[in-house]
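User: I would like to go through the terms applied to this model, with the value behind each one. Please set every value against its cut-off.

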2 protein chains.
Amino acid sequence: MPKLWTETIEAHRREVRDAVLDTTAALVAEQGLLSVTMSQIAEGAGIGRATLYKYFPDVETIVLAWHERQITNHLEHLAAVRDGVNDAGQRVRAVLEAYAHISRGIAEHGIRHHNPELAAFLHRDEHGQVTGARRELSGMIRDLLAEAAATGDVRDDIGADELANYCLHALSAAGALPSAAAVSRLVDVTLAGLRSSGGLR
Amino acid sequence: MPKLWTETIEAHRREVRDAVLDTTAALVAEQGLLSVTMSQIAEGAGIGRATLYKYFPDVETIVLAWHERQITNHLEHLAAVRDGVNDAGQRVRAVLEAYAHISRGIAEHGIRHHNPELAAFLHRDEHGQVTGARRELSGMIRDLLAEAAATGDVRDDIGADELANYCLHALSAAGALPSAAAVSRLVDVTLAGLRSSGGLR
C-alpha cells in the first residue's frame, strides 16, 4: 500500500474516534453515564453500530478513552505554555497559572460537574491512566522548579519534588474558587511559598 | 431520679459506645469492612448482641459513628492547640502544623490505609457529617488567619476565606510525605505563602 493511502486511513480513523468521544461526552453530560447506549453514540457520531463496535467494545471503554484524551490535551497545553516562556521564574508562574485554570475549569464546566456517577466511575480507574498522567505532571512541575531553583527564582533549601507536591495540592484549591481573579490570587500565594525561605516567625 | 444516678447511666452508656466504636475500628482494620458482623462486635466489646442492637442498628451506622468521633477528636485537638498559644502568628503556625500531622497520620496509619472498601464507603457519606466538619475546620482556620492579618502576621491583601482554602489544600499534600521532617518543611512553605505579598516576579 502506498504511504499516502495509509495516512488517509489513519486520519479517517482518528476523525471517527474523535467524533465518537465528543458525542459520548455530550450524551453523558446530558443524560448521565448509566443511560447512554452504544446505539445513541453511533447515531450521534454518524456511523453504524457495527462500525462503532470495531472501534470500542462498550460505553465504559469510550468514556475512559475520552478521559485519557482530556488528560493528554491538558498535558500538551501545559507543555506548550512551558515552551513559550524563556525565563525560568516566569515559566514557573505561567505553567502553574495554566494548571490552576485547568483545575478550576474541570470543577466548573467539566462533565463531572453534577455527574456523581461519572466521577465515581473515573475515580475507580485512578490507579491506571490518571496515576500515570499525574506522575507526568508532577515530573514536569518538578523539573521546572529545579531549573528555577538553579537560577535563584525558587528557594533551593527544599527539594523540587516536595515543592512540586506542595504546588499541585495548593493549586487544587482552584476547584472551589468563584472567579478567575481568585485563581490568580491563589497562584500568587502559592508562588510566594516557593520563594521565601522565611514563613511566619 | 437524682442527678447523680442519671449521670452514672450516661457515663456508662458513653463507655459502652466507645468500646463498640473501638472494637469496630479494630475489626475493620483487621479484616476489611464487608466481613465484620454485629456478633463479632458485641463479643469484642464484651456485651450481648441484644444490647448492641439497643445502641446501633447495623455495622455501617457504627462505622459512621466511629468516623464522626474521629473527626470530632481532631477538631477538639486543633482547638486545644489554638487555645494553648497566645501570639496570633505563632497560633497559625501551631494549628497548621497540627493539622498537617493529622492529615499525614490519617494517610499513613489510619484504618483507611489499604482499606479501599472503607474509603469508598466513607466517601459516599461525604455530603453529611464530613462536609459539616470541613466547614467547621475552614471556619476555624479562617478566623485564625483573620486575627493574624489584623496583627500583621499574615498578609491582608487577600481575604481570610481564600487563604484558608489555600492552606487546607496545600497541607493536604502532607498525606503523601515520608517523614515528620518533610511535613514541617511543607508547613514552612505554606506559611511563607501566607506572609509575603510578593511571589515570583
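User: What should I know before reading the values?

Analyst: This is a predicted model, in which local features need pLDDT of at least 70 and side-chain atom pairs count only at pLDDT 80 or more, while totals for chains, interfaces and linings use all residues. Residues are numbered from 1 along each chain as its sequence is written, chains are lettered from A and ligands numbered from 1 in the order in which they are written, and side-chain values use heavy atoms, with hydrogens and water left out.

User: Why is S103(B) called buried?

Analyst: Buried means under 20% relative accessible area, exposed means over 50%, and partly exposed lies in between (1.4 Å probe, protein chains only). S103(B) has a relative accessible area of 14%, so S103(B) counts as buried. The residue lies in helix α5 of chain B. Leaving aside residues up to four places away in sequence, S103(B) touches L171(B), A174(B) and G175(B), where contact means heavy atoms within 4.5 Å.

User: Is R155(A) buried or exposed?

Analyst: R155(A) is buried, because its relative accessible area of 6% is under 20%. R155(A) is found in the loop between α7 (129–150) and α8 (160–171) of chain A. A polar atom of its side chain lies 3.1 Å from the backbone oxygen of G193(A).

User: Why is the pair R91(B) and E147(B) called a salt bridge?

Analyst: The term requires a side-chain nitrogen of Lys or Arg within 4 Å of a carboxyl oxygen of Asp or Glu. In this pair the closest N and O atoms are 2.3 Å apart, so the pair qualifies. R91(B) lies in helix α5 and E147(B) in helix α7 (residues 129–150) of chain B, so the pair ties together parts that are 56 residues apart in sequence. R91(B) is buried at 13% relative accessible area, whereas E147(B) is partly exposed at 37%.

User: How do you know that R142(B) and D143(B) form a salt bridge?

Analyst: Their closest N and O atoms are 3.3 Å apart, so the pair meets the limit of 4 Å. R142(B) is partly exposed at 32% relative accessibility, and D143(B) is partly exposed at 42%. In chain A, the side chains of R142(A) and D143(A) meet in a salt bridge at 3.3 Å, N to O. Over all chains, a search of the whole structure finds 21 salt bridges.

User: What makes α8(B) a largely enclosed helix?

Analyst: Helices are DSSP runs of H or I with at least four residues, strands are runs of E with at least two, and both are numbered from the N terminus. Nine of the 12 residues of α8(B) are buried, so α8(B) is largely enclosed by the rest of the structure. Among the buried residues are L163(B), Y166(B) and H169(B).

User: How many residues of chain B are in contact with chain A?

Analyst: 34 residues of chain B are in contact with 34 residues of chain A. The area buried between them is about 3,000 Å², of which carbon and sulfur atoms give 57%; buried area is the accessible area (1.4 Å probe) that two parts lose on being put together, summed over both.

User: Which salt bridges cross between chain B and chain A, and how many are there?

Analyst: The count is two salt bridges between chain B and chain A. One of them joins the side chains of R185(B) and E162(A) at 2.7 Å, N to O. On the side of chain B that touches chain A, α5 (88–109), α8 (160–171) and α9 (180–195) of chain B each give two or more residues. The largest share, 10 residues, comes from α9(B).

Note on methods:
A polar contact is a pair of N or O atoms within 3.5 Å; within protein, one must be able to donate a hydrogen and the other to accept it, and residues adjacent in sequence count only if both atoms are side-chain atoms.
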